[in-house]
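Here is a short report on one protein structure. Please look over the sequence and the fold before reading on.

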Amino acid sequence: MFNSAETADYNPLLDIDTSFAAYLSARTRSYKDHIVGGMLDYAFDADFSVKQKISSFSAWSKVYKSLVSREIPNKIKKLFQSADIAGSMKHPDIYNTVQVCAERLQISVPTVYVRNAPDKFEIYSVAAEGTDPCIAITTGVIESCSKEELRFLIGCECGHIQNNHCIFIIAAPYFGVTESDGDEEYIPALNDGSVMQIAGTISEWIKLADVTGDRAGMICLSNPQEYPTIINSIRSKGGFNAYAKDNFDLNELLKQYEVLHITPARNIVMPKNCSSFDRRVLAGLEFLSCEALYNWRTDLNRADVHTVNKQALEVRCEIILDAAKGGV
């Protein structure tokens with residue numbers, strides 16, 4: 001038994017296994033056929049490596065402990081108090097959608113909180129050790145999006161849960177990296193150097209994580225080939241606010257992709273005026289011909305698709321996103 005002095009000094013947070021393997025084991029039901037090199041086969045390699053870099057910073061453990069012990073429980077408490085839980089009686093369409101997405105990604109079904117905010121387009125996920133994963137969505141998203149658009153958005157959030165993105169995404173506003181709803185306070189007890197180091201790396205990582213999330217969303221779609229039309233429609237309705245609202249011309253981008261897709265990786269040169277959102281969509285289009293998609297969706301007809309392996313996909317996506325240089 002512990003004596004009183006030992007008990008006073010004992011911190012149970014130190015016993016938490018924060019490794020990705022432990023996280024994945026807790027969050028995923030049946031994944032062994034989809035693990036390659038310690039990560040999910042559809043996840044963007046650059047996303048995984050930069051996320052591991054964030055975890056390696058000595059200051060990150062202090063941020064992590066603050067989030068899992070206080071900030072994330074408070075966030076979930078606020079959702080519970082202010083939103084409805086989607087179920088068979090309330091918001092059954094959303095409840096059915098999250099079940100489909102969870103089944104396709106082979107994860108446990110997260111709770112979905114629906115917040116009554118018809119004028120706000122917001123959807124995000126929350127997951128960390130010691131809390132059950134959940135997705136928060138506003139009625140503004142539900143009312144403006146089609147069934148397949150909702151399936152893509154919820155699939156993306158299931159992907160963020162599955163790939164242990166949530167705690168890093170939740171941490172980002174504390175460092176001024178993404179849009180904030182004003183509720184966050186800066187994490188205390190970090191020196192300026194540590195803050196800048198983590199902030200810079202999270203800023204680099206967050207758009208890489210979006211590529212992985214988009215791949216999860218595509219796996220969940222009835223027809224993944226509709227991805228470009230769906231993501232364009234969501235953007236026009238107010239989605240993806242973290243990206244600059246530059247003029248986005250899907251038809252022009254698809255014409256560009258016709259050339260890009262048949263260009264060998266060593267010859268790819270991205271236009272200087274290619275925006276971050278353009279690059280995100282182009283990277284998503286590359287996934288539509290990857291073997292990993294069809295490994296998850298064995299129901300899809302791949303007879304007319306010339307597929308590439310994951311390694312070839314990642315080389316191309318790193319060039320498209322300028323990920324090798326951290327230029328996202």
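The notes below cover a nonpolar core, a pair of helices and one threonine in this predicted model.

## Nonpolar core

The largest nonpolar core holds 101 residues. Within that core, the residues touching the most other members are Trp60, Phe152, Ile167, Leu282 and Phe287. Helix α9 (residues 192–220) is the top contributor, giving 12 residues to this core.

Ile167 shows what such a position touches. Neighbours within four places in sequence aside, Ile167 contacts Trp60, Tyr64, Leu67, Val68, Ile72, Ala127 and Ala128.

## Helices α10 and α12

Helix α10 spans residues 227–236, and helix α12 spans residues 276–287. Their axes come within 10 Å and cross at roughly 155 degrees. An angle over 145 degrees counts as roughly antiparallel, so α10 is roughly antiparallel to α12. The crossing of α10 and α12 is right-handed.

From α10, the contact draws on Tyr227, Pro228, Ile231 and Arg235. From α12 come Phe277, Arg280, Val281, Gly284 and Leu285. By class, the contact residues of α10 and α12 are six nonpolar, one polar and two charged.

## Thr97

Thr97 sits in helix α5 (residues 92–105). Is Thr97 buried or exposed? Its relative accessible area is 8%. Buried means under 20%, so Thr97 is buried.

Beyond its neighbours within four places in sequence, Thr97 contacts Leu150, Arg151 and Ile154. Thr97 and Cys220 lie 123 residues apart along the chain, with 9.4 Å between their C-alpha atoms.

How values were computed:
Residues are numbered from 1 along each chain as its sequence is written. This is a predicted model: local features need pLDDT of at least 70, side-chain atom pairs count only at pLDDT 80 or more; totals for chains, interfaces and linings use all residues. Side-chain values use heavy atoms; hydrogens and water are left out. A nonpolar core is a set of buried Ala, Val, Leu, Ile, Met, Phe, Trp, Tyr and Cys residues joined through side-chain atoms within 4.5 Å. Buried means under 20% relative accessible area, exposed over 50%, partly exposed in between (1.4 Å probe, protein chains only). Helices (H or I, at least four residues) and strands (E, at least two) are DSSP runs, numbered from the N terminus. Contact means heavy atoms within 4.5 Å. Axes are lines fitted to C-alpha atoms, for helices over the stretch in contact, and angles run from 0 to 180 degrees between N-to-C directions. Angles under 35 degrees count as roughly parallel, over 145 as roughly antiparallel, 65 to 115 as roughly perpendicular and the rest as oblique. A crossing is left-handed if the near helix is turned anticlockwise from the far one by less than a right angle, and right-handed if clockwise. Ala, Val, Leu, Ile, Met, Phe, Trp, Tyr, Cys and Pro count as nonpolar, Asp, Glu, Lys and Arg as charged, and the others, Gly among them, as polar.
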